[in-house]
Amino acid sequence: MTCVYKSERHINRVRHMNSFVILGLMGGILAVDHRAGWQSMLAQPVFSAAAVGFAIGEIEIALAVGVVLELVYLSIVPMRGARIPDQIASGVVGAGTAALLIQNTSDPRFVFIGAIGVFIGLLAGEAGARITAPLFGLQNRMLSGFEFAPDATGRTTVRRIFWAHLGSVGFIFLVEALLVLLLGAAGYYAGDKMTRFTGGLLVEGALKWSYLVPAIGAASLIHLFWQHHLRRALLVCAVVVVIFLWAT
């Protein structure tokens, strides 16, 4: 009996580690796309969370976490040198935590698990930005010091540029993958403890907090588009929506 229990624990640990490795690889790929690739929308939490949910097999809870994180980050405009959170770590870690908790604990408190995922995701975004800032700053300094020999041939120059670019991409992938791997493991175990020992008013508060999600989304959109040249369009759209809802 003891051997069977130890075997099950070992299998669960291996399965969890494989899930964290998958999250790390996804984080690294998204970071390359966001920082050195096509800069598509895949790094946004709503899309990265959907990808995480599809990979783990819990698309519903992962997408719910991604939507809330996306609404929160819509209100953050990168300007005046402000440090923005690491949205890749936030979306992947937050959605991954919620999806793994639903999958492994069979906890029926869907909204509470989602709230834990959002909370862990926001923490991962802030921690990720602080951890990676000096590393990517070092990368930028190294790339800025890249020089070409005055007597180098065209083929030699192309080769040096190729290896510099490849090394830069590998560095971005490695940093973000390790970050998401570590934060994902820490976030999951922290979330597992929270689901085990949390109840009562905190769970009820999470349920009531979910009612504020539409208000958070509306506030984020207003903050995002409340520019001088967009105010009239925003007000007109709001009036049209109100009239449409009233008429129907």
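Reader: How many helices and strands does the protein have?

Author: Helices (H or I, at least four residues) and strands (E, at least two) are DSSP runs, numbered from the N terminus. Here the secondary structure comes to nine helices and zero strands, and along the sequence the pattern reads α-α-α-α-α-α-α-α-α. Please keep in mind that this is a predicted model, where local features need pLDDT of at least 70, side-chain atom pairs count only at pLDDT 80 or more, and totals for chains, interfaces and linings use all residues. Residues are numbered from 1 along each chain as its sequence is written, and side-chain values use heavy atoms, with hydrogens and water left out.

Reader: How do I read the packing of two helices, and at what angle do α4 and α5 pack?

Author: Axes are lines fitted to C-alpha atoms, for helices over the stretch in contact, and angles run from 0 to 180 degrees between N-to-C directions. Helix α5 (residues 110-144) packs with α4 at an angle of about 150 degrees, their axes being 7 Å apart. That makes α4 roughly antiparallel to α5 (angles under 35 degrees count as roughly parallel, over 145 as roughly antiparallel, 65 to 115 as roughly perpendicular and the rest as oblique).

Reader: Is that crossing left-handed or right-handed?

Author: A crossing is left-handed if the near helix is turned anticlockwise from the far one by less than a right angle, and right-handed if clockwise. The crossing of α4 and α5 is right-handed.

Reader: Which residues in α4 and α5 meet?

Author: Contact means heavy atoms within 4.5 Å. Among the residues that meet are Ala89, Val93 and Leu101 in α4, and Ile113, Gly117 and Ile120 in α5. By class, the contact of α4 with α5 has ten nonpolar, six polar and no charged residues (Ala, Val, Leu, Ile, Met, Phe, Trp, Tyr, Cys and Pro count as nonpolar, Asp, Glu, Lys and Arg as charged, and the others, Gly among them, as polar).

Reader: What about α3 and α5: at what angle do they pack?

Author: Helix α3 (residues 59-73) packs with α5 at about 50 degrees, with their axes 9 Å apart. The two are therefore oblique to each other, and the crossing is right-handed. Residues of α3 that meet α5 include Glu60, Val65 and Tyr73. This contact of α3 with α5 divides into ten nonpolar, four polar and one charged residues.

Reader: How many aromatic pairs does a search of the whole structure find?

Author: Rings of Phe, Tyr and Trp (its six-membered ring) pair if their centres lie within 6.5 Å; planes under 30 degrees apart count as stacked, over 60 as edge-to-face and the rest as tilted. The search finds five aromatic pairs. The rings of Phe162 and Trp163 have centres 5.3 Å apart and planes at 75 degrees, so the pair is edge-to-face. Phe162 is partly exposed at 47%, while Trp163 counts as exposed at 53%. Elsewhere, Phe20, Tyr188 and Tyr189 form one aromatic cluster.

Methods
Buried < 20%, exposed > 50% of the residue type's maximum accessible area, 1.4 Å probe, protein only.
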